[in-house]
Amino acid sequence: MDKLRIRGGRELQGEVAIAGAKNAALPELCAALLSSDAVTLSNVPRLQDVTTMLKLIRNMGVQVAQGEDGVVVLDASTLNQPEAPYELVKTMRASVLALGPLLARFGQARVSLPGGCAIGSRPVDQHIKGLQAMGADIVVEHGYIIAKLPAGQKRLKGARITTDMVTVTGTENLLMAATLAQGETILENAAQEPEIPDLAELLIKMGAKIEGHGSSRIRIQGVDALHGARHAVVADRIEAGTFLCAVAAAGGDVFLRHARGDHLDAVIEKLAAAGARISVQEGGVRILSQGRLKAQSFRTTEYPGFPTDMQAQFMALNCVAQGTSTVTETIFENRYMHVNELLRLGAKIQIDGRLAMIEGVSRLSGATVMATDLRASAGLVIAGLVAEGETIVDRIYHLDRGYDRMEAKLAALGADIERVK
Ligand SMILES: CC(=O)N[C@H]1[C@@H](OP(=O)(O)OP(=O)(O)OC[C@H]2O[C@@H](n3ccc(=O)[nH]c3=O)[C@H](O)[C@@H]2O)O[C@H](CO)[C@@H](O)[C@@H]1O
Ligand SMILES: C=C(OP(=O)(O)O)C(=O)O
């Protein structure tokens, strides 16, 4: 099993290219299921989750051509098996994004329930409730969501849907389903994460009629069919935020090419308050960080608030910053799995339910730590970059799920980091 070996204490200097967003690429690959014409995506990141999603889509009978350059062409005219089996879904929750498109185009779908994961129970009841409001008959049997249209009904029906909470993949599933429904769908309490307008832009290029994407109310007029399109996946704001936190903690001067500063306001505001100098420029974001920064308290909330996917990385920074801080995780009930590992490196953190209290220390000391989920792994890598001596981050298959060669990018910036078997 691969591990990362990091020898801490080096500043980061230079330029890093930010890849396409995992959380935009995954729904956009599923959007290709809505059409019998070819959909071409560029800037698709090289990640394990993308590989898993392509395996899932190929398994449905879709023809997929993947280039070395991040271009993926999907031809779903040959799709003959509208289902997502457990073996493929269990390693990636985003597989549930196949449900809406399959049901909308074929009138039936069989998708395994994703199950819980390290960060929380993560039910998909809102996806199911929304599709039921659009007229689908859905039962959950033997671990599968089995959805179909009532006899004689050819299409989903537009509906007004208000989800009980803001859900990112829930909004995406319902948005994709609504593009082919009969009549108008209004999604109230919709998620506003930048990946949603990016998905909507692809769907519009495919012929969908959508308004209000990027706001909490999305209005969709269903059309009879969608056609092929080309689309470039938006830059990954979480990968960019991770590199910003790494530079803030380790010190240095780095330009993040392609990073979208306008998608990172909440994180940039906190980093600036901590003492990092950040400038949002044409084509990217530059960060300059010198000396020990000041710890910052924050609370994770839906976009445009502070992203839960940046919580572990910013917590790692707070561990070595000056002063005490509090972190409140409001999105997932169990997203502090990195805390025990950070303690092994000498961090001072106390957890009380959803609240973490962090007392900044002047030094961490390297040790072997275990990654438990994707962003927890990224937080541990950042801690390793500043810890004295050697840190081994074990189980980095979690990291590979969502980062495009993170260790190679950090090494190119001057970090002493390598992948070992
Ligand atoms: C592939 C992808 O884009 N993943 C992102 C997506 O996950 P994901 O879309 O799974 O997260 P949601 O926005 O749906 O979850 C938000 C909260 O709502 C709850 N909930 C959600 C749906 C539902 O039917 N019932 C329910 O109770 C969840 O358990 C969680 O507590 O948004 C999260 C929140 O920004 C990010 O951390 C993930 O990186
Ligand atoms: C939690 C995440 O991803 P997923 O929803 O795919 O598990 C993440 O990207 O941090």
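## Before you start

In this predicted model, local features need pLDDT of at least 70 and side-chain atom pairs count only at pLDDT 80 or more, while totals for chains, interfaces and linings use all residues. Residues are numbered from 1 along each chain as its sequence is written, and chains are lettered from A and ligands numbered from 1 in the order in which they are written.

## Two domains

Let us begin with the overall layout. The domain assignment gives domain 1 (3-18 + 235-420) and domain 2 (22-232); such bounds come from an automatic or database domain assignment. The C-alpha centres of domain 1 and domain 2 lie 31 Å apart. Their contact takes 18 residues from domain 1 and 14 residues from domain 2, where two residues are in contact if their C-beta atoms, placed from the backbone, lie within 7 Å.

On the side of domain 1 that touches domain 2, the largest share, three residues, comes from helix H13 (residues 397-402). Helices (H or I, at least four residues) and strands (E, at least two) are DSSP runs, numbered from the N terminus. The residues on this side of domain 1 divide into five nonpolar, four polar and nine charged. In this scheme Ala, Val, Leu, Ile, Met, Phe, Trp, Tyr, Cys and Pro count as nonpolar, Asp, Glu, Lys and Arg as charged, and the others, Gly among them, as polar.

## Around the ligands

Which residues come nearest to ligand 1? Of the 20 residues around ligand 1, these are Asn23, Gln126, Thr167, Val168 and Thr169. A residue is near a molecule or strand if its C-beta atom, placed from the backbone, lies within 6 Å of it. Helix H1 (22-31), helix H5 (125-133) and helix H6 (168-179) each supply at least two residues of this shell. By class, the shell around ligand 1 has eight nonpolar, eight polar and four charged residues, and it draws at least three residues from each of domain 1 and domain 2.

Ligand 2 is surrounded by Asn23, Arg93, Ala94, Asp309, Leu374, Arg375 and Gly402. The classes in the shell of ligand 2 are two nonpolar, two polar and three charged residues. Because domain 1 and domain 2 both give residues to this shell, ligand 2 lies between them.

## Annotated positions

The UniProt annotation "binding site", from an unreviewed entry, covers Arg93, Arg122, Pro123, Val124, Asp125, Gln126, Asp309 and Ile331. UniProt positions are given in the numbering used here, feature names are shortened, and annotations may be inferred rather than shown by experiment.

Pro123 lies in the loop between strand E7 (108-112) and H5, and Val124 is found in the loop between E7 and H5 too. Is Pro123 buried or exposed? Pro123 counts as exposed because it has 12 C-beta neighbours inside 10 Å. A residue is buried if 20 or more other C-beta atoms lie within 10 Å of its own, exposed if 12 or fewer, and partly exposed in between, with C-beta atoms placed from the backbone. Val124 has 19 other C-beta atoms within 10 Å, so it is partly exposed. Leaving aside neighbours within four places in sequence, Val124 is in contact with Val96, Leu113 and Pro114.

## A covered helix and an open sheet

Helix H10 (residues 311-320) is mostly covered, with 10 of its 10 residues buried. Among them are Gln311, Phe314, Met315 and Cys319.

Elsewhere, four strands form an open sheet in the order E18-E19-E21-E20, with mixed pairing. Strand E18 (298-299) and strand E20 (348-352) stand at the edges, each with a single partner strand, so one side of each is left without a neighbour in the sheet. Two strands pair if DSSP finds at least two bridges between them. E20 and strand E21 (residues 355-359) run antiparallel and are joined by five bridges, and Asp352 stands opposite Leu355 in E21.

## Two residues up close

Val247 is found in helix H8 (residues 237-250) and counts as buried because it has 27 C-beta neighbours inside 10 Å. Leaving aside neighbours within four places in sequence, Val247 is in contact with Leu12, Gly252, Val254, Ile287 and Ser289.

Ala133 lies in helix H5. With 17 C-beta neighbours inside 10 Å, Ala133 counts as partly exposed. Ala133 and Leu156 are 23 residues apart in sequence and 9.2 Å apart in space, C-alpha to C-alpha. Not counting residues up to four places away in sequence, Ala133 touches Ala159 and Ile161.
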